[in-house]
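Thanks for coming, everyone. Please look at the structure on the screen while I talk.

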Amino acid sequence: MGIAISQTRRLDPSSHEQLYYQLYDILFQEITGGSFSVGDLVPSETRLVEEFGISRETARKAMGMLVDDGLVERRRGVGSVVVATRPKTALNWTNSSLRLSDDPSIGVGKVEKRVLDAGIVLADPKASGALNLPLDTPLFRLDRVRCKGETPYYRETILLEANYVPGATERDFSNESLRAYYKNVLHVTWPRATQVMKSVGADEETARMLHVEKGFPLLEITRVSFDERGIPREFGVWRYRSNLYYLEMSLVK
């Protein structure tokens, strides 16, 4: 029988768009928008005819366009089955980077990272979950702000198991690259990481550090990096001023 289609959109016979295209667009949005999952049945042509008051040829043309998109497959004795939730013509993401804008308000001066705190803390529920460690495990915590002159760009907070980074509290990470420390001192790299980016409002502490109002929109990236054995080693949170950064992505077919 198939999953029901949302009733929020109907066909408009007075529109300049053909009815089959309107129906196709409705079904396309339902499939790519998450109303259907792979393996679900799309309503049959008979049901579409009854529900939308259209001809069978109109329903058939709309369904054919979904087949051409690689979203639906017609199976004898079964019906029209969703086989993908992204069209085969869609562009695929290859890489992305967060870039600093050319905002003239940034000002001039030396680009530097200022250490706010570098010491041992106990793992809270969020950190213990990310690093797969027991609560209250001693962690090395590095908190820095990147600035240009007196303009702060972003805040970064890095957490690692204290036993994994012996001597880290004695190093000057305002001048030393954390990546260089991993490579040259610990002799490790992160071959894999998981990352989430979202918009958040600045908490009072971060707002003060970034010279913005509390609640100011920030781009927050949360990342967990894994070593060669698949063990989570680094848990980091970066909070960027949204008025100074933009996301650039490369897409290919």
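Is Arg155 buried or exposed? Arg155 is buried, because its relative accessible area is 3%. Buried means under 20% relative accessible area, exposed means over 50%, and partly exposed lies in between, with a 1.4 Å probe and protein chains only.

A word on the source. This is a predicted model, where local features need pLDDT of at least 70, side-chain atom pairs count only at pLDDT 80 or more, and totals for chains, interfaces and linings use all residues. Residues are numbered from 1 along each chain as its sequence is written, and side-chain values use heavy atoms, leaving out hydrogens and water.

Back to Arg155. Arg155 forms a salt bridge with Glu205, with the closest N and O atoms 3.1 Å apart. A salt bridge here is a side-chain nitrogen of Lys or Arg within 4 Å of a carboxyl oxygen of Asp or Glu. This pair links distant parts of the chain: Arg155 is in strand S6, Glu205 is in helix H6 (residues 204-210), and they are 50 residues apart. Helices (H or I, at least four residues) and strands (E, at least two) are DSSP runs, numbered from the N terminus. Glu205 is partly exposed, at 36%.

How many salt bridges does a search of the whole structure find? It finds 18. One of them joins Glu73 and Arg75, at 2.8 Å, N to O. Glu73 is partly exposed, at 36%. Arg75 is partly exposed too, at 39%. There is also a network: salt bridges link Glu45, Arg56, Glu57, Arg60 and Arg74.

Now the sheet. 6 strands form an open sheet, in the order S4-S5-S6-S9-S8-S7, with antiparallel pairing. Two strands pair if DSSP finds at least two bridges between them. At the edges sit strand S4 (111-122) and strand S7 (192-201), each pairing on one side only. Inside the sheet, S8 (residues 217-226) and S9 (residues 232-241) pair over 9 bridges. There, Val224 stands opposite Phe235 in S9. Helix H5 (residues 178-186) packs on the sheet, touching S5, S6 and S9. Touching, or contact, means heavy atoms within 4.5 Å.

Last stop: helix H3 (residues 56-68). H3 has 13 residues. Which residues of H3 are buried? They are Thr58, Ala59, Ala62, Met63, Gly64 and Leu66. These pack against helix H1 (19-32), helix H2 (45-52), strand S1 (72-75) and strand S2 (79-82). Just after H3, Gly70 takes a positive phi of about 80°.

Note on methods
Axes fitted to C-alpha atoms, helices over the stretch in contact; angles between N-to-C directions. Expected span 1.5 Å × (residues − 1).
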